[in-house]
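Please examine how charged side chains pair with one another in the model shown here. The paragraphs that follow take these pairs in turn.

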Amino acid sequence: RYRKATSGRRDVLEISESQAGTTGCRVWRAARKLCRYLEDVSCDASPLLRPGCRVLELGAGCGLVGILCAHLGAEVVITDTSDILPILRHNVAQNAHLFPEVG
């Protein structure tokens, strides 16, 4: 689980991972640290990620970083190899309710 605080409430990103399989099935510490950084700078006067900005994540693995970017309002494309796509799709689907409405 990765917790994201927004507007006085806590949104929780649900990320499934597997210890079996390739390295793409795990959430790495670097992904968690990058998410903490992105969360911190999203509260700045000039945030790094703004609604509508575009993010391309290559080798997304479980998708934590791309999912957080989408939650922060970015238009995100996340990719990985075909053997990783099932867990990646699962994680996107279980967090889709946290993505802002596109209109």
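R54 and E75 form a salt bridge, with their closest N and O atoms 3.5 Å apart; the term denotes a side-chain nitrogen of Lys or Arg within 4 Å of a carboxyl oxygen of Asp or Glu. Because R54 lies in strand 3 (residues 54–57) and E75 in strand 4 (residues 75–78), the pair ties together parts that are 21 residues apart in sequence. Helices (H or I, at least four residues) and strands (E, at least two) are DSSP runs, numbered from the N terminus. R54 is exposed, at 72% relative accessible area, whereas E75 is partly exposed, at 44%. Here, buried means under 20% relative accessible area, exposed means over 50%, and partly exposed lies in between (1.4 Å probe, protein chains only).

The model is predicted: local features need pLDDT of at least 70, side-chain atom pairs count only at pLDDT 80 or more, and totals for chains, interfaces and linings use all residues. Residues are numbered from 1 along each chain as its sequence is written, and side-chain values use heavy atoms, with hydrogens and water left out.

By the salt-bridge rule, the count is three. Another of these links R32 with E17, at 3.8 Å from N to O. R32 belongs to helix 1 (residues 29–41) and E17 to the loop between strand 2 (9–13) and helix 1, so this pair ties together parts that are 15 residues apart in sequence. R32 is partly exposed, at 37%, and E17 is also partly exposed, at 34%.

A further salt bridge joins E39 and R36, whose closest N and O atoms are 3.9 Å apart. Both residues lie in helix 1, three residues apart, about one turn of the helix. E39 is buried, with a relative accessible area of 10%, while R36 is partly exposed at 44%.
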